[in-house]
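I opened a new page for this chain. My plan is to look things up one at a time and write down what I find.

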Amino acid sequence: MVEQPVNLPTAIYLGVFSRAEQRVLQAIFKAIAEGGGRCVATLAMLARDSNTSKPTARNAIAQAVTIGLLAKTERRSYCAVRFPTS
């Protein structure tokens, strides 16, 4: 079965996202608009801006990626351990 792309008003109308998840998506879209087309906010920043918890923000992002509403690219943390490649 091929998944059809879902536009945001339809997804919200069908109840795909809870009200808290909708606030997270609004925070993401606001960050994208202010960031010149890219959202560089951390999970903690999105949770704070949307007045939700980190797990709620994480779930909203995962669900939006699943239905094709967002594309997710993770950045390495500045203090992440680098292992040798060879």
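Is Arg48 buried or exposed? I looked this up in the predicted model. Arg48 has a relative accessible area of 59%. The cut-off for exposed is over 50%, so Arg48 counts as exposed.

Next I checked the partner of Arg48. Its side chain meets that of Asp49 in a salt bridge, at 3.3 Å from N to O. I then looked up the count for the structure, and I found one salt bridge.

Then I turned to the fold. I listed four helices and zero strands in the chain. Reading from the N terminus, I wrote the order down as α-α-α-α.

The core came next. I found 13 residues in the largest nonpolar core. Which of them touch the most other members? I noted Phe17, Val24, Leu25, Ile28, Leu46, Ala64 and Leu70. At least two residues come from each of α2 (19-34), α3 (43-50) and α4 (54-66).

Last, I took the values for the whole chain. The chain has 86 residues, and 20% of them are buried. For contacts, I took pairs of residues at least 6 apart in sequence. Of these contacts, 57% join residues at least 24 apart.

Notes: Residues numbered from 1 in each chain as written. Predicted model: local features only at pLDDT ≥ 70, side-chain atom pairs only at ≥ 80, totals over all residues. Heavy atoms only, no water. Core = buried A, V, L, I, M, F, W, Y, C linked by side-chain atoms within 4.5 Å. Buried < 20%, exposed > 50% of the residue type's maximum accessible area, 1.4 Å probe, protein only. Salt bridge = Lys/Arg side-chain N within 4 Å of Asp/Glu carboxyl O. Contact = heavy atoms within 4.5 Å.
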